Number of protein chains: 2
Amino acid sequence: FEEFQELTASEFFRKNKQMLGFSGKIRSLTIVFHELITNSFDAAEEAGILPEIKIDLQRLDKDHYVLKHSDNGPGIPEDYVTKVFCTMFAGSKFRNIQSRGQQGLGCSGCVLLSQMTTGKPAKVTSAYKENGKIKAVEMVLKMDVKTNQGLVLEKREVEADKTGVQIELHFKDVSYSLSEQGAYEYIRRTMIGNPHSKIIFRDPTGHKYIFKRASDVIPPLPKEVLPHPKGVTADDLIFMAKHTDKRRFRSLLTSSLSRMSTKRVNEIQEITGIDLNKRPKDMQWDEAERIVELFAKMDFMAPPTSGLIPIGKEQIEKGMIEILNPEFVASTTRKPVTYRGGVAFIIEAGIAYGGDSGRMVGEQRKAEIMRFANRVPLTFDQGSCAITEGLKSIDWKRYGIRDMDNAPITIFVNIVSTQVPYLSTGKQSVAPEPEILHEVRQTTMKIARQLQKYLRAKKAAKEEALR
Amino acid sequence: FEEFQELTASEFFRKNKQMLGFSGKIRSLTIVFHELITNSFDAAEEAGILPEIKIDLQRLDKDHYVLKHSDNGPGIPEDYVTKVFCTMFAGSKFRNIQSRGQQGLGCSGCVLLSQMTTGKPAKVTSAYKENGKIKAVEMVLKMDVKTNQGLVLEKREVEADKTGVQIELHFKDVSYSLSEQGAYEYIRRTMIGNPHSKIIFRDPTGHKYIFKRASDVIPPLPKEVLPHPKGVTADDLIFMAKHTDKRRFRSLLTSSLSRMSTKRVNEIQEITGIDLNKRPKDMQWDEAERIVELFAKMDFMAPPTSGLIPIGKEQIEKGMIEILNPEFVASTTRKPVTYRGGVAFIIEAGIAYGGDSGRMVGEQRKAEIMRFANRVPLTFDQGSCAITEGLKSIDWKRYGIRDMDNAPITIFVNIVSTQVPYLSTGKQSVAPEPEILHEVRQTTMKIARQLQKYLRAKKAAKEEALR
Ligand SMILES: Nc1ncnc2c1ncn2[C@@H]1O[C@H](COP(=O)(O)OP(=O)(O)OP(=O)(O)O)[C@@H](O)[C@H]1O
Ligand SMILES: Nc1ncnc2c1ncn2[C@@H]1O[C@H](COP(=O)(O)OP(=O)(O)OP(=O)(O)O)[C@@H](O)[C@H]1O
Ligand SMILES: [Mg+2]
Ligand SMILES: [Mg+2]
């Protein structure tokens, strides 16, 4: 036990950067783009701003780049900048609200990768509103990996006429690629899930791409979606009870759970005989278990539809038509349901058939799965994802697709939730929770039936033409 | 930024227990067995003891169990018990020595799952040597998830005549299963990688299984394998320099890197012109880069073969013959090589053909992959593992296997390393580092050629018999 040590989160991830998704040169750079873009989208939307991002990627040498990423979000107050960029497990997205980020790791991971491959500090400029005026600071930061804290090497005030964050990072051992796993394809896919955003990207050749806004409507802001009685666990109740400032357990229930009215609380007290007026800290485990067992038997309204914000049928079809030029397209967005823990989620799916649907692998056109989570494209770890598992479990022959692997078909699936159960801190695949698998199947089979109709009609028309 | 929070590791994993592998009822219980068994094996071996584990699993109700796990290892000193079982990212295996554990999460994860599903504390009895005498304490512990610390609810001294650790944990929402993913199959596979160990397992029906020792020889203790110049990064040198107590950079090099002699250091100083006598903290990043670039061009002896301890050809074949009764078996253990960071690893592989090789899926016999890492069976996340990817990339037709998916074949692969690059904290799949993929292919193709010979001879004999 002389070797016994406690690591900080940053020490652990330095040893295991593949768990942040930094595995391989192409993937590593794509993940950097992913973490910075998702942060800028989250920040702008939260402030009611239509997101606009400028990305400049310069190639200094083989596998050696400088990335400048700037957004038009609300900025980061000076006192939070080091925590945001140099502390792991630090962030503002641990609450019950749908957001792309949820771990407090993303941009600190990018700073860590930059530092590990080049030894250079990160340069951050943040312009934010303070007392009605715009204040801006330019800071040069290093992460102290041993302590999971940031060190400010330089800091100065600068002028700014609008809010936003700009970060400049150097990287080595990463590679910009136009392949399916590369940063360009990531940006292209992210526009499908985020038509209200604009990205201006200057690539290493100097070519400037402008990914225009397809919509000027800011999507409604997601609202807090409290844990639902269907699925909330005894541990959740006890954990909430331990850390609440509410004085009575009953007010904890009505304020912390979705669809929990005073009427329902009275029913629960009546049936279980547990005094729900007592202090939260006095609630016992076995009592919490009985309450949760009763929840499972009671009728509660489904989780509210307004808290979660899907991409929506219209935009999914629009996006698929735009990039795939298919002969057939269909999509659907389901109602919210919950998975274990009472966490609400929505599955939406789209199918495109024919035209440029599917993707070319050599000479062969193959079926393609486009996975999204909270509007963010998932590029990697397809094999282990619940979305893939759900889709593969469907009997596609029933819907007229005899050889699914080689069909000219693209299937689009997006999961929207306040907490996406990712399989790893790399956030590229979803855990196969039974409720999620079920929803992926149900949602997709619903629109597969529409495809089946189309294929039958097409076949009938063909036979008719042959006569 | 009022919502800005910093989570502790335990808070993060409470929200994301699927990242500890606790996803699904069967898998969750199997992972508990895995974490406790690997800890007991590591501890006993480190103390030069032949491991013996007693496991008692009682079923109290549907999906409700009590697990008692005790070992004959050196025990845990009283002052470390709460850190071991209630603090995440705390452990003794962060050094450059091959061990099954490497994250400081395993048993704390089990305590967390137990607490989350039952609200019950963990009961730990630890008997350990102190000043030549055996001291034993029985402690009742709870994890304070908010602070990543343990709380001792009760503690008392007890009598013990030999050292070891015993833990008793209650679980709900888990399931004991005889299926391939269940705890019993996990124990069976772990015996293949650990023939020198003994496990006595009393299952929920009361049936007592005795998994006997197949060998009375304790495997040699793994030795520290320092990072190798081939692959060590500039960041590694700078990080080591920042945290060393050595006074000169040159002594840091000779003491921290494998195969680094004074003669080599003088060569490096000569060629780069960098003064290696200076203090480690004065080494600059660009200088470290030049040193590392020079390493890549120099000749160094391969990493030492003695530090890493593979299962070995003899035992792999013995294990495969015992459980698969094949008509053909072959295996090989390769020399150590390094992946990025200069981390040494060894790949060993075995092929069994015919007999009970492969596994039955319904009526169909299918090819089976048995993946191991540091002698530990990997049961889950097969789709995303580097071992799977490496094996799938082989053209099996060249070796006489026309339809690999449906061949009566079992392929065994074990990776041995001081740091296995797992894809997630669930530790069930390995990251596809190029050097690892290469070695998996090379090692397997070597024995596939032996299989090819056998199949040809078999075919020739058949044709001969037909005449
Ligand atoms: N461009 C930005 N503008 C404003 N705030 C930002 C920006 N980028 C990051 N932040 C803030 O910094 C926090 C940390 O970001 P980080 O990416 O590390 O974690 P996250 O987005 O919360 O979760 P994840 O690890 O899943 O990405 C965010 O929660 C947000 O509060
Ligand atoms: N049965 C045991 N006997 C002796 N020491 C033990 C035992 N179990 C755990 N330990 C000690 O407690 C530490 C923490 O164990 P834990 O399983 O949490 O992490 P780990 O084994 O180091 O890594 P991993 O998370 O990969 O399993 C170990 O490193 C070891 O020092
Ligand atoms: Mg983020
Ligand atoms: Mg362990």
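Visitor: Which N or O atom in the side chain of K93(A) matters here, and how far is an oxygen atom of ligand 1 from it?
Guide: This is a predicted model. In it, an N or O atom in the K93(A) side chain is 2.9 Å from an oxygen atom of ligand 1.

Visitor: And N39(A), how far is a polar side-chain atom of that one from a ligand 1 oxygen atom?
Guide: That distance is 2.8 Å.

Visitor: What about the backbone of C107(A)?
Guide: A polar backbone atom of C107(A) lies 3.1 Å from an oxygen atom of ligand 1.

Visitor: Which elements give two or more residues to the shell around ligand 1?
Guide: Those are α2 (25-46), β4 (90-91) and α4 (106-118), from chain A. The largest share is four residues, and α2(A) gives it.

Visitor: Which residues come nearest to ligand 1?
Guide: There are 23 residues around ligand 1. S92(A), Q102(A), L105(A), G106(A) and K427(A) come nearest.

Visitor: Why is the site shared between chains?
Guide: Because the residues that surround ligand 1 come from chains A and B.

Visitor: New topic. In chain B, how do helices α2 and α5 pack?
Guide: Helix α2(B), residues 25-46, meets helix α5(B), residues 183-193, at an angle of about 30°. Their axes are 9 Å apart. The two are therefore roughly parallel, since the angle is under 35 degrees.

Visitor: Left-handed or right-handed crossing?
Guide: Right-handed, as α2(B) passes α5(B).

How values were computed. Residues numbered from 1 in each chain as written. Chains lettered and ligands numbered in written order. Predicted model: local features only at pLDDT ≥ 70, side-chain atom pairs only at ≥ 80, totals over all residues. Heavy atoms only, no water. Near = heavy atom within 4 Å. Polar contact = N/O pair within 3.5 Å; in protein donor to acceptor, adjacent residues only side chain to side chain. Axes fitted to C-alpha atoms, helices over the stretch in contact; angles between N-to-C directions. Parallel < 35°, antiparallel > 145°, perpendicular 65-115°, else oblique. Left-handed = near helix turned anticlockwise from the far one by under 90°.
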